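Reader: I would like to learn how to read the features of a structure like this one, starting from a single contact. Could you walk me through it?

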Amino acid sequence: MQTIRSLSRTSVPAGRVTDPFAVSSDGRQLVAIAPDGELRVWNTETRDTRAVMETGLSHPEVLALAPDDRIAAIGCRNGAVELWDLTTKNKVTHLPPGPGAVLALAFSPDSRFVAVGFDQGQVE
């Protein structure tokens, strides 16, 4: 049986809203998107900031991390989705707004595809 260890609350600077967030598959990094669109990556062992990306996104609602821990998908209230490469710190792609607010994101096991769930029940 694998033990789940808790991350300290001090892993994220006090006063920052960091919902939504994701933890890498190896547990070594925490990825979070702030309401102002700032995407941050922390080292969970040292609590150091590893990367900061200014996405410019408005009202990010959902964040998913690919199984290979390289790509972060961000879904917004306006239905837009962006994919960011956490290694290069560059935007990979911007998908135009879909039929409603993004409520869910899920990557395929090989990290090649991302499914987007919208508030009206559609999945693309």
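Author: Gladly. Let us start with a polar contact, meaning a pair of N or O atoms within 3.5 Å; within protein, one must be able to donate a hydrogen and the other to accept it, and residues adjacent in sequence count only if both atoms are side-chain atoms. Here the side chains of Glu 82 and His 94 are joined by a polar contact of 2.9 Å. Before going on, a word on the source: this is a predicted model, in which local features need pLDDT of at least 70, side-chain atom pairs count only at pLDDT 80 or more, and totals for chains, interfaces and linings use all residues. Residues are numbered from 1 along each chain as its sequence is written, and side-chain values use heavy atoms, with hydrogens and water left out.

Reader: Where is the place of Glu 82?

Author: Strands are DSSP runs of E with at least two residues, helices are runs of H or I with at least four, and both are numbered from the N terminus. Glu 82 sits in strand 7.

Reader: Does Glu 82 count as buried or exposed?

Author: Buried means under 20% relative accessible area, exposed means over 50%, and partly exposed lies in between (1.4 Å probe, protein chains only). Glu 82 has a relative accessibility of 4%, so it counts as buried.

Reader: And which residues is Glu 82 in contact with, leaving aside its neighbours within four places in sequence?

Author: A contact means heavy atoms within 4.5 Å. With those neighbours left aside, Glu 82 touches Thr 55, Leu 57, Ala 72, Ala 73, Ile 74, Lys 91, Thr 93 and His 94.

Reader: With which residue does Glu 82 form a salt bridge?

Author: A salt bridge is a side-chain nitrogen of Lys or Arg within 4 Å of a carboxyl oxygen of Asp or Glu. The partner of Glu 82 is Lys 91, with the closest N and O atoms 3.6 Å apart. Lys 91 is partly exposed, at 43% relative accessible area.

Reader: How many salt bridges does that rule give?

Author: The count comes to five. One of them joins the side chains of Glu 38 and Arg 40, at 2.7 Å from N to O. Both ends are buried: Glu 38 has 9% relative accessibility, and Arg 40 has 19%. Another salt bridge links Asp 85 to Arg 70, whose closest N and O atoms are 2.7 Å apart. Asp 85 lies in strand 7 and Arg 70 in the loop between strand 5 (60-65) and strand 6 (71-76), so this pair ties together parts that are 15 residues apart in sequence. Asp 85 is buried at 4% relative accessibility, while Arg 70 is partly exposed at 42%.

Reader: How should I read the pairing of strand 7 with strand 8?

Author: Two strands pair if DSSP finds at least two bridges between them. Strand 7 (residues 81-85) and strand 8 (residues 90-95) run antiparallel and are joined by five bridges. Trp 84 has Lys 91 as its bridge partner in strand 8. The hairpin has four residues between the strands, and Lys 89 there takes a positive phi near 65 degrees.

Reader: What is found in the loop between strand 8 and strand 9?

Author: Pro 96 is found in this loop, with strand 9 covering 102-107. Pro 96 is exposed, at 61% relative accessibility. Leaving aside neighbours within four places in sequence, Pro 96 is in contact with Gly 79 and Ala 80.

Reader: Which residue is buried yet has no salt bridge?

Author: For charge, Lys and Arg count as positive and Asp and Glu as negative, while His and the chain ends are not counted. Asp 69 is the case here: the nearest side chain of opposite charge is that of Arg 50, 8.7 Å away. Asp 69 lies in the loop between strand 5 and strand 6. Its side chain makes a polar contact of 2.6 Å with the side chain of Ser 25.

Reader: Finally, how many helices and strands does the protein have?

Author: There are zero helices and ten strands. Of its 124 residues, 45% count as buried.
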